[in-house]
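Please keep the structure open while reading.

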Amino acid sequence: MTASTSHAPEIAADGQAPSRLRLSGCWTLEHALRIGDALKNAPEGATEIDARGVERLDSVGVLQLMRYARRRQLDFDTAFSFHDSHRALVSAIEDVADERPKKKREYGFQAALARLGFAVTDNWKEVLALVAFFGETLVKMLRLFKSPGRFRPTATVHHMEQVGLDAVPLIALLCYLVGAVVAFLGSTILKDFGATIFVVELVSISFLREFGVLLTAIVLAGRTASAFTAQIGAMVSREEVDAIRTLGMDPIDLLVIPRVLALLVMLPLLTFIAMVAGLLGGLTVGAYGLDIPPPQYLTRMHDTMQLRHFLVGMSKAPVFALLIGLIGCLEGLQVKGTAQSVGERTTSSVVQAISLVIVLDAFFAIWFMEMGW
């Protein structure tokens, strides 16, 4: 007979007390399958388990016995008796195998206030982190004038292509259609007063001041900020950022500054394309839907368009570009190393970028209005 057979786990009923079962053999990982079979075929109605005859016991055996106790609705502490040499192991496994149900979420005024307080605190920490990251990035961008060798022209041009050129068709189509919609909506109101021609000013001013830069920033906040976060987050999860630091290089110089500079250059250019596309959308609707001949539309637009509206819209583009780039890169660097963290940070970067772009645009609109611009 082999040694494994002689030490196989066994369960036998006590001859003097039928409700008591006696365990023997080795209840270890080596015999995990046999332990399961033995417990499955154990006699019914047992209320006491005597495991003092077990020769060897490890965590697998203890966990199997705990599962058996739950299935038979036995109190593990009172129904089971172990040898003195095994009690420490059993006690340790009981501590780590605590299966108490999770605490339910509290619903009440006090709990709601607590959640609100935690949310405000977390958001405030995000604001402080963004401001600190902006300062660090700005200092290291200024350092490029002292050490031009730190500048990465190849990476910057690559990101300019991804951020700018690849987004041109989407930006142009979106703003063209929005320009057409604005012209349609404006005409439905203005035609009641015989002032359909004022659709030209409506489309021109709205796109030069607001819609051109705002639509471009929102599209890039969803398209580019998420891409930056996912790219840098994947590098963090693969420990590539740690490797960069180990080699004595600065991740800000390699990963952040090229992306931010690419956005600072390309977002104003995309804003200009968006303005032109929106004006063309209004021109198309005016020519084919409002019976305004293109020469008349262009003449009216030339006579009423003011340079200050164009400058107001273009002045917002660098601010939005800086904001989108910083949020996308910061959220990527804050990834904890798991795929779930990458997804959460990507979602957070898109939400933060779009929200702050809209908030800042509203602030700029009110400020320029008060300044008379």
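A crossing of two helices is called left-handed if the near helix is turned anticlockwise from the far one by less than a right angle, and right-handed if clockwise. Helices are DSSP runs of H or I with at least four residues, strands are runs of E with at least two, and both are numbered from the N terminus.

This is a predicted model, in which local features need pLDDT of at least 70 and side-chain atom pairs count only at pLDDT 80 or more, while totals for chains, interfaces and linings use all residues. Residues are numbered from 1 along each chain as its sequence is written, and side-chain values use heavy atoms, with hydrogens and water left out.

The predictor's confidence in each residue, pLDDT, runs from 0 to 100. Its average over the chain is 86, and 95% of the residues score at least 70. Residues 1-5 fall below 50, and this stretch has five contacts in the model beyond near neighbours in sequence; contact means heavy atoms within 4.5 Å.

Start with H2 (residues 32-40) and H3 (residues 59-71), whose axes come within 10 Å and cross at roughly 20°. Axes are lines fitted to C-alpha atoms, for helices over the stretch in contact, and angles run from 0 to 180 degrees between N-to-C directions. H2 and H3 are therefore roughly parallel; angles under 35 degrees count as roughly parallel, over 145 as roughly antiparallel, 65 to 115 as roughly perpendicular and the rest as oblique. The crossing of H2 and H3 is right-handed. Ala-32, Ile-35, Gly-36 and Leu-39 of H2 touch Val-60, Gly-61, Gln-64, Leu-65 and Tyr-68 of H3.

H9 (residues 199-237) and H12 (residues 294-304) pack at about 55° with axes 9 Å apart, which makes H9 oblique to H12. This crossing of H9 and H12 is right-handed too. Val-200, Glu-201, Val-203 and Ser-204 of H9 contact Tyr-297, Arg-300, Met-301 and Thr-304 of H12.

For H6 (residues 109-146) and H11 (residues 251-288), the axes come within 11 Å and cross at roughly 90°, so the two are roughly perpendicular. Residues in this contact include Phe-133 and Lys-140 in H6, and Asp-253 and Leu-264 in H11.

An unreviewed UniProt entry places the feature "transmembrane region" at several stretches, among them residues 165-185 and 260-290. Residues 165-185 are 86% helix and 0% strand, with end C-alpha atoms 31 Å apart.

Methods
UniProt positions renumbered as here; feature names shortened; annotations may be inferred.
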